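Let us walk through the contact between two protein chains.

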Number of protein chains: 2
Amino acid sequence: MSGSTRNTRNTRQREVILDVIDAAQGPLPVGRIHERARREVPSLGIATVYRTLKLLLAQERIVAVELPGEETHYEPAGRGHHHHFRCLDCEVWFELTTCLVPHLDGTTLREGFTIEGHYLALYGRCSACAASSITAR
Amino acid sequence: MSGSTRNTRNTRQREVILDVIDAAQGPLPVGRIHERARREVPSLGIATVYRTLKLLLAQERIVAVELPGEETHYEPAGRGHHHHFRCLDCEVWFELTTCLVPHLDGTTLREGFTIEGHYLALYGRCSACAASSITAR
DNA sequence: GTAGATGCAAACGCTTTGCCGCTTA
DNA sequence: TAAGCGGCAAAGCGTTTGCATCTAC
């Protein structure tokens, strides 16, 4: 009963947009979703992408991912609590499968702040880029 | 020699904008800076705020703080590496003085990602709000 | 006196909305 | 066939830029 699936139709546009998000290796911004979905449906308008993302969010089939200094990205829902890693070379955001700082939640800092949740993003090099930077010399 | 201080004038507007940022307990977004600076200089235009922030950034007198799902905030420079805490009640962003996860940098994850830097934001209740939620009943 | 700064308004870029013809069920 | 949907264009909204006026030095 989560979200509005009532009176909702299955269209090629929605199918393609969800496919693009599901097939990605990490969260995608609106522009990239539009770009990739257009390969299948060239006439696809940007407004439809925005409306579809809003619908998919309401249906809890995707989640919005906020990344520091970047536009909102989107990824499939249901992957639980996890964080993201950005490669400084290829500039791709990857999804991590585990939480690196599970101990933080529930603790209270000296300043009196009680931590109920956290957000972590990592930066560095992915293995592919690290390898090519060695072979490149 | 950091930034352009040459051919730069000291105006009341700039002085007030920097004062507002320095006096804040945490990073502020453009709108709030404008709002507070206007108390001193009512005619202050939003364009001047944007231009001044850009100048202060170039002079490395302030830094831009990216917070997940929020507009860019600004705080005084020179406070080193630290993170931010957002109170879910009063919705204020506070600055923390220490890094809670210094061990992350330099490590390589199983997936092959080499961590060179990290970004952490915390959510919860500040002591004032935690206290008032108790006395409120 | 003059280069630089401000304030206003127009321009921009991204997101949302309105409208109407098209499509799914 | 009808309600939902998509595409286009216009409207919003936050940020940037152009320009004429003002001001710090």
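**Where chain B meets chain A**

Between chain B and chain A there are 12 residue pairs in polar contact, both residues at pLDDT 80 or more. A polar contact is a pair of N or O atoms within 3.5 Å; within protein, one must be able to donate a hydrogen and the other to accept it, and residues adjacent in sequence count only if both atoms are side-chain atoms. On the side of chain B that touches chain A, strand β6 (residues 114-125) of chain B gives the most, with 12 residues. Strands (E, at least two residues) are DSSP runs, numbered from the N terminus.

This is a predicted model: local features need pLDDT of at least 70, side-chain atom pairs count only at pLDDT 80 or more, and totals for chains, interfaces and linings use all residues. Side-chain values use heavy atoms, without hydrogens and water; residues are numbered from 1 along each chain as its sequence is written, with chains lettered from A and ligands numbered from 1 in the order in which they are written.

Now the strands. Strand β6 (residues 114-125) of chain A runs antiparallel to β6(B), and 11 bridges join them. Strands pair if DSSP finds at least two bridges between them. A121(A) has Y119(B) as its bridge partner in β6(B).

Two salt bridges link chain B and chain A. In a salt bridge, a side-chain nitrogen of Lys or Arg lies within 4 Å of a carboxyl oxygen of Asp or Glu. E116(A) and R125(B) meet this way through their side chains (2.8 Å, N to O).

Technical notes:
Helices (H or I, at least four residues) and strands (E, at least two) are DSSP runs, numbered from the N terminus.
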